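Dear colleague,

Please find the structure below, handed over for your study.

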Amino acid sequence: MAKSRIWSGEIDEGLRLYGEYLSSPDADPSVWAEAAKLSAWLMRYRESESLYARAVQLFPDDDNLRVNQALTYLWQSKVKEGERLLAELWAEASVDPDRVSKLGEIFVTSGYPDKAIKAYADGIEAFPERLDMYFSLARLYVKTNRQDLAAKTLDLVRERFVPSERLSEYVASVERESSLRRIALDGYRKRLETNPDDLGLRQELIRAYYWNGMLGEALEESSSILVNKMYAIFGELDGDL
């Protein structure tokens, strides 16, 4: 109910309802995280910081809360404080491969793939026997359009682990993901070669670039759309004159 109130524009009432629920000793940590994150999205950073501080005090072993607490400082450009909290968390978590893997997942979900990549890469160095981290890292490299690094990670899998049919299937599935992404992007580009004025198709390509972590290409294509739209507008104006 609290979240729906906020989405309907009743922000103060929504936050009040969150506060009412969080005053209960049985309040779930996921709701603490939700309330704090929503406060940050609403640019109520003081409230967000306060909620995270109280939540972390209640649930000191909840890495999701601690990561998002640190990220909230980064969103506010309080980089030093945010990175300090992340460094403290990493110092604790880095000795436990399960926590390292979980941190990578949290970073991905929170929209920080580069931090996830570092967590997985450092995790592999510390725990080279953890096969799951290799595949998580390779998939992230594919998702962020670093196909060469994905291939190198899969080569490490082949070098370090005993060959098996199941292992080969996992490796092949990641390689297919990489190939399909390339094929999809090439398909958009070829269609644009024959229909360069199709703005809808260009918008699809922009979305595909974003999904693949190719922000530079997405911005460049966005600029092309703006230029084309401006030409169209000026063309209409010339016709009216």
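**A residue in helix 11**

S168 is partly exposed, with a relative accessible area of 46%; here buried means under 20% relative accessible area, exposed over 50%, and partly exposed in between, with a 1.4 Å probe and protein chains only. The place of S168 is in helix 11, residues 165-194. Helices (H or I, at least four residues) and strands (E, at least two) are DSSP runs, numbered from the N terminus. S168 and R158 are 10 residues apart along the chain, and their C-alpha atoms are separated by 8.6 Å.

**Origin of the values**

This is a predicted model, in which local features need pLDDT of at least 70 and side-chain atom pairs count only at pLDDT 80 or more, while totals for chains, interfaces and linings use all residues. Residues are numbered from 1 along each chain as its sequence is written, and side-chain values use heavy atoms, with hydrogens and water left out.

**The chain as a whole**

The secondary structure of the chain comes to 13 helices and 0 strands. Read from the N terminus on, the elements run α-α-α-α-α-α-α-α-α-α-α-α-α. The chain has 241 residues, of which 37% count as buried. Contact means heavy atoms within 4.5 Å. Among contacts between residues at least 6 apart in sequence, 45% join residues at least 24 apart.

Two packed helices are described by the angle between their axes and the distance between the axes. Axes are lines fitted to C-alpha atoms, for helices over the stretch in contact, and angles run from 0 to 180 degrees between N-to-C directions.

The axes of helix 2 and helix 3 come within 10 Å and cross at roughly 155°. The two helices are therefore roughly antiparallel to each other; angles under 35 degrees count as roughly parallel, over 145 as roughly antiparallel, 65 to 115 as roughly perpendicular and the rest as oblique. Their crossing is left-handed, a term used if the near helix is turned anticlockwise from the far one by less than a right angle, with right-handed used if clockwise.

In this contact, L15, Y18, Y21 and L22 of helix 2 meet V31, W32, E34, A35, L38 and S39 of helix 3. By class, the contact of helix 2 with helix 3 has 8 nonpolar, 1 polar and 1 charged residues. Ala, Val, Leu, Ile, Met, Phe, Trp, Tyr, Cys and Pro count as nonpolar, Asp, Glu, Lys and Arg as charged, and the others, Gly among them, as polar.

How does the length of helix 3 agree with what its 13 residues should span? At 1.5 Å a residue, helix 3 (residues 29-41) should span 18 Å, and its end C-alpha atoms are 18 Å apart, which agrees; the expected span is 1.5 Å times one less than the number of residues. The buried residues of helix 3 are V31, W32, A33, A35, A36, L38, S39 and A40. Just after helix 3, M43 takes a positive phi of about 65°.

D28 is found in the loop between helix 2 (11-22) and helix 3. D28 is partly exposed, with a relative accessible area of 35%.

**Helix 5 and helix 6**

Helix 5 (residues 63-75) and helix 6 (residues 79-93) pack at an angle of about 155°, with their axes 6 Å apart. That makes helix 5 roughly antiparallel to helix 6. The residues in contact include R66, Y73 and L74 of helix 5 and V79, L85 and E92 of helix 6. This contact divides into 8 nonpolar, 2 polar and 6 charged residues.

Leaving aside neighbours within four places in sequence, T72 is in contact with A40, Y45, S48 and Y52. D63 also lies in helix 5, and D63 is buried, with a relative accessible area of 8%. With the neighbours within four places again left aside, D63 is in contact with L89, R99, L103 and I106.

**Helix 8 and helix 9**

The axes of helix 8 (residues 113-126) and helix 9 (residues 131-143) come within 9 Å and cross at roughly 150°. Helix 8 and helix 9 are therefore roughly antiparallel. The residues of their contact divide into 11 nonpolar, 2 polar and no charged.

Yours sincerely
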